[in-house]
Amino acid sequence: MITPPDSQPLERFNLSAWALRHKALTLFAMIALAAGGAMAYFGLGRAEDPSFTLKNMIVIVDWPGASADEMARQVVDPIERKLEELAFLDHLDSQTQPGHTVVTLTLRDDTPPGRVQPLWYQVRKKIGDITPMLPPGIQGPYFNDEFSDVFPVVYAITGDGFSLPELKHVAEDVREGLRTVSNVGKIMLVGQQDERISVEVSIRKLAELGISLNTVYGVIQKENAVVDSGFVDTAHDRIRVRTRPDVDGPSAIANLPIPVGQKLLRLGDLATIRRLTVDPPAATMRVGGKPALGLAIAMADGGNILHLGNDLAARLEQIKPGLPVGISISRINDQASVVAADIADFQESFVEALAIVLLVSFISLGWRTGIVVAISVPLVLAGVFIGMKLLGIDLQRISLGAMIIALGLL
C-alpha cells in the first residue's frame, strides 16, 4: 500500500501520552477512584469465611413398628426411584433402621448455585407426589437443607433458681428483642427441653376397680379434643361458638372424672401426674457448671459481622433492665473479634507491602519514578474494592488472603 505524500500515518493510542495531555482529567479520575475505593472498602461486608452453597439435602421418614427390611422395600426404594429423576443428581445414600430412615441426596459439583434451591423444591414436589402411595402410618417425609447455617454470635442465658422451662420463656423474650437488630438472620434456641405432662397410672388400682387403661386414655383424649362447635345465627349476626378444653395443666388433668360403675373418681386418685421435661434430653448446655440456654445468631447475607456484634451488644444492654432478677446473659462465642483480627492482619500486611514497594522503587528507579509506582498500588487496590462491592464479594479469609498474596507478589 502506497501512502500519499500529504497524509500522515495513523498513530496508535498511547494512554500515558493522553494522561499527560489531560492532566486535570487524570487527576480527577485518580481522586474519584481513591474516594470510590475508600467508600467501597468501608461498605464491604465482613465475615470470617465466604458464604457457600451446600449441595446436600436430607430426607427423613419414620414408620413406628416397621422393620428395617420393610422400611427399605416400602419406603426407601420408592423414594430413591423417584429422586433418580432429579437433574444434576450425583448420588443417594440411605441409612435405614427399624422404624426410621435417612436419605442423603448429593448434587454434582458442577451444579450452578442458582439452581440448587429450585432443585430442592423439585425434591419436595416429587416426594410429595408419591407420599399418598407410601404405607399408611408413616411420619414425614421431613426435609432438611439448612444444616449449613453458621452462627457467629452465641449468647448463654443462666438464672439462679430458674428451671429450664422458665429460662425458655426468658430466652424467647430476648430473642424477640434481638430480631429488631439489622443484619440479623436466623436466631435459634440451643439446649431447650420440651415439656411433657406425665400420667403414671397405677395398674394395681385399675385392676382393683375394674377399669381398663383404654378408659383412662379415652377420657383424657376426649377432654383434650379441639372440635368445631358450630355457630348461632341471630337477626343481625352469626356468632361462632367456641369451646376450650379444660386440660391445661397437671391440676386440670388430675381433676378429670373417671367413671367407675355408678361413681366417678378423680384421675389424680388413680395416677401420679407431673410436668416434666423430655427424658433423655435431646441436647443440653451448661455454662460455668450451671444449666443454660443458648441463643445462636446467624448473620444475614452480605452483613458486616463487626457492626452486627456492636449492634447486638447495644440492643442487649437495652433489654437487660427488663429481665427478671437473677438472669445472667454472657457471650460465649464472638466471631466479630476473629474477623477484626483478620482485617487488622490485612491492614498490617498492606502497610508492609506498600513500604517494601516504596523502598524498592525509590532505590532502583529513583525518586520521581518511585512515586508513580507507589501511587499506583493503592489506586489498584481501590479499583479492586470497587469491583468487590459490585460483585458482592465480602472481606473474609479467602478474599483477604488473595489480596495479601497479590501484594506479596507485587
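Q: Buried means under 20% relative accessible area, exposed means over 50%, and partly exposed is anything in between. Why is N183 called partly exposed?
A: This is a predicted model, and in it N183 has a relative accessibility of 31%. That value falls between 20% and 50%, so N183 counts as partly exposed. You'll find N183 in the loop between α5 (164-178) and β6 (184-190).

Q: How do you know whether F88 is buried or exposed?
A: Check its relative accessibility, which is 19%. The cut-off for buried is under 20%, so F88 counts as buried.

Q: What makes K126 and E85 a salt bridge?
A: The closest N and O atoms of K126 and E85 are 3.6 Å apart. A salt bridge needs a Lys or Arg side-chain nitrogen within 4 Å of an Asp or Glu carboxyl oxygen, so this pair qualifies.

Q: Why can this pair be said to tie parts of the chain together?
A: Look at where the two ends sit. K126 is in helix α4 (residues 113-130), while E85 is in the loop between α3 (68-83) and β2 (89-97), so the bridge connects parts that are 41 residues apart in sequence.

Q: Are the two partners buried or partly exposed, and how do you know?
A: K126 has a relative accessible area of 15%, which is under 20%, so K126 is buried.

Q: Why does the pair D129 and K125 count as a salt bridge?
A: Their closest N and O atoms are 4.0 Å apart. The limit is within 4 Å, so the pair is counted. D129 and K125 are four residues apart in helix α4, which means about one helical turn separates them. D129 is at 45% relative accessibility and K125 at 40%. Each value lies between 20% and 50%, so D129 and K125 are both partly exposed.

Q: What about D110 and R108: how do you know they form a salt bridge?
A: The closest N and O atoms of D110 and R108 are 3.0 Å apart. That is within 4 Å, so the pair meets the rule. R108, at 33% relative accessibility, counts as partly exposed.

Q: How many salt bridges turn up in the whole structure?
A: The search finds eleven.

Q: What makes the peptide bond between G140 and P141 a cis one?
A: Omega there is about 0°. P141 lies in strand β4 (residues 139-144).

Q: How does the radius of gyration of the protein compare with that of a compact globule?
A: The rule puts a compact globule of 410 residues near 22 Å, but the protein has 34 Å. The C-alpha atoms fill a box of roughly 125 × 60 × 60 Å along the principal axes.

Conventions
Residues are numbered from 1 along each chain as its sequence is written. This is a predicted model: local features need pLDDT of at least 70, side-chain atom pairs count only at pLDDT 80 or more; totals for chains, interfaces and linings use all residues. Side-chain values use heavy atoms; hydrogens and water are left out. Helices (H or I, at least four residues) and strands (E, at least two) are DSSP runs, numbered from the N terminus. Buried means under 20% relative accessible area, exposed over 50%, partly exposed in between (1.4 Å probe, protein chains only). The radius of gyration is taken over C-alpha atoms; the globule rule is 2.2 Å times the number of residues to the power 0.38.
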